[in-house]
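Visitor: Could you show me how to read a few features of this structure? I would like the general idea, and then the case itself.

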Amino acid sequence: MKTTLEQHLEDTTKNRAIVGVLGTGVQGLNLGCCGMPSDEHAGVISVLVQLTSDFTNIPVVCLESDNGNMMIQKYDGIIGALHKMTPLISSPTACHGGSMLITL
Amino acid sequence: MGCCYSSENEDSDQDREERKLLLDPSSPPTKALNGAEPNYHSLPPTRTDEQALLSSILAKTASNIIDVSAADSQGMEQHEYMDRARQYSTRLAVLSSSLTHWKKLPPLPSLTSQPHQVLASEPVPFSDLQQVSRIAAYAYSALSQIRVDAKEELVVQFGI
């Protein structure tokens, strides 16, 4: 029964620009992940979406960085997180320190 | 699935230590139990592999089962209750001091050292936002396929 969700996550990461994908519940329980973010980040990702959404507006939470963006979207009980590299950069570069930006 | 900090890694020694019962169940109880525990020591010395496997399964199940119906629920005396509470708190204090796994907070990946450059760059493409919405919607539909499929009775009777 779980193979459909796992296959969907694996198919998503076949795109070279996608670093990882993660699905979690509203309680922060990891439902499936592939790549980066890993299962340890499920709780943090869930809380970020809970803090920014209300009954009328469920925005897409974007974490922008030098080499890619992480987009988090809640859909009716499941939270999907997609880590995608920016199009102009072909290979990921290490980032050291700094701050984390959140755009809504 | 699991809690926020659970993973699919194998159980470490610390996890096994955490799951061990606080009080040794093999110690003799203070009052006699009314229920009869299965006697699996009466098998002949020459046992087949099947009998050995069955007896090991029975032993493992018996060690994991807490028969609340057989326990004498008349209540403990006050001093026994206080002793056991003190024993539990001491054991918890010892375990909590050795818990270091929960203190490590995993950071989110991909930080930046030049925030003004990221702010001045192009915004997130709308196609990417649509893509993540599509992925979340498809994951929700895939998750709805996970359901309980009852195949047999949940409550079984152990043959004694």
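Guide: Gladly, and let us begin with a contact. The side chains of A:Lys84 and B:Asp128 meet in a salt bridge, with 2.7 Å from N to O. A salt bridge here is a side-chain nitrogen of Lys or Arg within 4 Å of a carboxyl oxygen of Asp or Glu. The pair joins two chains, because A:Lys84 lies in strand β5 (residues 78–85) of chain A and B:Asp128 in helix α5 of chain B. Helices (H or I, at least four residues) and strands (E, at least two) are DSSP runs, numbered from the N terminus.

Visitor: What should I know about the numbering and the model?

Guide: Residues are numbered from 1 along each chain as its sequence is written, and chains are lettered from A and ligands numbered from 1 in the order in which they are written. The model is predicted, so local features need pLDDT of at least 70 and side-chain atom pairs count only at pLDDT 80 or more, while totals for chains, interfaces and linings use all residues; side-chain values use heavy atoms, with hydrogens and water left out.

Visitor: Is A:Lys84 buried or exposed?

Guide: Buried means under 20% relative accessible area, exposed over 50%, and partly exposed in between (1.4 Å probe, protein chains only). A:Lys84 counts as buried at 13% relative accessibility, and B:Asp128 counts as buried at 9%.

Visitor: How many salt bridges are there over all chains?

Guide: The count comes to 4. One of them links A:Lys14 and A:Asp11, at 3.2 Å from N to O. There, A:Lys14 is exposed at 63% relative accessible area, whereas A:Asp11 is partly exposed at 37%. B:Asp83 and B:Arg86 also meet in a salt bridge, at 3.2 Å from N to O. These two residues, B:Asp83 and B:Arg86, are 3 apart in helix α3 (residues 78–97) of chain B, so about one helical turn separates them.

Visitor: Why is β5(A) largely enclosed by the rest of the structure?

Guide: β5(A) is called largely enclosed because 8 of its 8 residues are buried. Both faces are covered, with A:Ile78, A:Gly80, A:Leu82 and A:Lys84 on one side and A:Ile79, A:Ala81, A:His83 and A:Met85 on the other.

Visitor: What about backbone geometry?

Guide: Most residues other than glycine have a negative phi, and most peptide bonds are trans. A:Asp76 has a positive phi of about 50° although it is not a glycine. A:Asp76 belongs to the hairpin of β4(A) and β5(A), which has 2 residues between the strands, and is exposed, with a relative accessible area of 52%. For the peptide bond, look at A:Met36 and A:Pro37, which a cis bond joins, with omega about 25°. A:Pro37 sits in the loop between β2 (30–35) and α2 (42–52) of chain A.

Note on methods:
Two strands pair if DSSP finds at least two bridges between them.
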